[in-house]
Amino acid sequence: MTCAPLSLLDAAKKIQGCAVVESDFRAAVNRAYYASYHRCRTYYAALPYLSVLKGNGVHEQLINNLKFPSGKLSDNCQERTEALAKYLRDLCMARALADYDLDEEFDLKKMQDSLLTAELIFEVSSTTKGKIDDVASPLAQA
Amino acid sequence: MKLVPQTRSSELTDKLNSVLHRAIFADRNSFEMRALKRECEQVRDVDPAVGWGLLGSYNGLLGDIEEAARCYKASLALANNPIVHLNYYAAMGNLGYFSMAHDYFLEVSKPELGNLSSLISNAESMGSFQTIVQRVEQAEAMNLQPKLQLNGSFLKAVRVLRKVDLSDEFVVRHLDAVGDVLREAKMFADGDMEVDACDIDGVFVGVTCIFRVDGTALEVFELNQQLAKAERVRSIEKHLAFDVMFKPAA
């Protein structure tokens, strides 16, 4: 891979760092979504059991696959995968609004919200050599 | 918009609201709550309809929906007060019983009953999307009340839900799972539920209901995992065009 998902997230953060006008906000969300999409695709491929579902296009298909994980996965892994689907779906919607709905205001808060979502996706979906890293529950640690 | 119970006894109402704004269930054994209960009971001795209503709100703050319902029903049996209907409805939402709240809204929001305008702002945050629009249309057709304004993002969500053929009952079943998670954490459902809607054919068509909660991003992710578990326990039917999630409060 010549461009890692993390590089796309870095690009999103760079745009965020110098974002001034609405078109900048929209551009940052676009990069944040694609970074997250590729990150989640890697996460999904690393699952020990896959649920290959259909969707209208690769984006919908990936969200569906995360939203309906294989029942063979552990309860914890299913819950984490389903929660991840909520975040990716949310970001997918934000990206659709950013890129296509130019008549509706897209403000700074929406960009910040989307970047936080993307960062969280990266934090909870790390993989090493094709296997998903275990993330201890933050509440269990407390 | 906040799901804040409103009563006629303003001083006591302010005290009850200040407990509600702490966002977590109150402890019935605390000095403050025991004192509040006594004050509610004193009001009940003078004005039973108002007093029972206050006791309903008091029990709602403890997270006790059964006792809250008993008190509100006792109040409504004495006087059919729209404010008590609103408080009862708000308590169901605060405690995350959204299907119960939707059924109640269906029952008491008929335009001819005179409760619609007081319930409507709460209802926008409690999942009764299409029912609200139907009720407003009915009220306008009957010339029963002035035109009620519904906000733009709410109406967009209604359009999308109709387009993808998802009912209010489908929506509130999802919200009930949110209620399960919040009650487990002894947290009130924030009445500021956000609604995001997107209607771009071929790209994305869907609605998301968002509940803002205090906590770090990872703690909120943990709540979303618990939400996924609650959805599975309830065997909730999932659909790409609709979802609910927690997000960190700003």
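Which residues in H1(A) meet which residues in H2(A)? The model in your viewer is predicted, and this contact is the start of the tour.

**Stop 1: two helices of chain A**

Select residues 5-17 of chain A for helix H1 and residues 22-45 of chain A for helix H2. From H1(A), the residues in the contact are Pro5(A), Leu8(A), Leu9(A), Ala12(A), Ile15(A) and Gln16(A). From H2(A), they are Asp24(A), Ala27(A), Ala28(A), Arg31(A), Ala32(A), Tyr34(A), Ala35(A), His38(A) and Arg39(A). By type, the residues of this contact of H1(A) with H2(A) are 10 nonpolar, 2 polar and 3 charged.

Now show the two helix axes. The axes of H1(A) and H2(A) come within 8 Å and cross at roughly 165°. Angles over 145 degrees count as roughly antiparallel, so H1(A) is roughly antiparallel to H2(A). The crossing of H1(A) and H2(A) is left-handed.

**Stop 2: a loop residue of chain A**

Is Leu73(A) buried or exposed? Its relative accessible area is 5%, so Leu73(A) is buried. Show what surrounds it: leaving out residues up to four places away in sequence, Leu73(A) touches Leu47(A), Pro48(A), Tyr49(A) and Gln78(A). Draw a distance from Leu73(A) to Leu47(A): the two are 26 residues apart in sequence, and their C-alpha atoms are 8.2 Å apart in space.

**Stop 3: cysteines**

A search of the whole structure gives 0 disulfides over all chains. Select Cys3(A), which is in no disulfide; the nearest cysteine sulfur belongs to Cys40(A) and is 16 Å away. Cys3(A) has a relative accessible area of 38% and is partly exposed.

In chain B, select Cys209(B), which is also in no disulfide. The nearest cysteine sulfur to that of Cys209(B) is that of Cys198(B), 15 Å away. Cys209(B) counts as buried, at 0% relative accessibility.

**Stop 4: a serine in a helix of chain B**

Select helix H4 of chain B, residues 65-78, and find Ser75(B) in it. Ser75(B) counts as buried, because its relative accessibility is 1%. Not counting residues up to four places away in sequence, Ser75(B) touches Ala49(B), Trp52(B), Gly53(B) and Val84(B).

**Stop 5: another helix pair**

Select residues 82-94 of chain B for helix H5 and residues 116-123 of chain B for helix H7. Their axes are 9 Å apart, and the helices pack at an angle of about 15°. Angles under 35 degrees count as roughly parallel, so H5(B) is roughly parallel to H7(B). The crossing of H5(B) and H7(B) is right-handed.

H5(B) contributes Pro82(B), His85(B), Leu86(B), Tyr89(B) and Ala90(B) to the contact, and H7(B) contributes Ser118(B), Leu119(B), Asn122(B) and Ala123(B). The residues of this contact of H5(B) with H7(B) comprise 6 nonpolar, 3 polar and no charged.

**Stop 6: backbone angles in two loops**

Most residues other than glycine have a negative phi. Select Ala23(B), in the loop between helix H1 (10-20) and helix H2 (31-46) of chain B. Ala23(B) is not a glycine, yet has a positive phi of about 75°. Its relative accessible area is 32%, so Ala23(B) is partly exposed.

End at Ser235(B), in the loop between helix H11 (217-233) and strand S3 (242-248) of chain B. Ser235(B) is not a glycine, and its phi is positive, about 50°. Ser235(B) is exposed, with a relative accessible area of 63%.

Conventions
Residues numbered from 1 in each chain as written. Chains lettered and ligands numbered in written order. Predicted model: local features only at pLDDT ≥ 70, side-chain atom pairs only at ≥ 80, totals over all residues. Heavy atoms only, no water. Axes fitted to C-alpha atoms, helices over the stretch in contact; angles between N-to-C directions. Helix = DSSP H or I, 4+ residues; strand = E, 2+ residues; numbered from the N terminus. Parallel < 35°, antiparallel > 145°, perpendicular 65-115°, else oblique. Left-handed = near helix turned anticlockwise from the far one by under 90°. Contact = heavy atoms within 4.5 Å. Nonpolar A, V, L, I, M, F, W, Y, C, P; charged D, E, K, R; others polar. Disulfide = S-S within 2.5 Å. Buried < 20%, exposed > 50% of the residue type's maximum accessible area, 1.4 Å probe, protein only.
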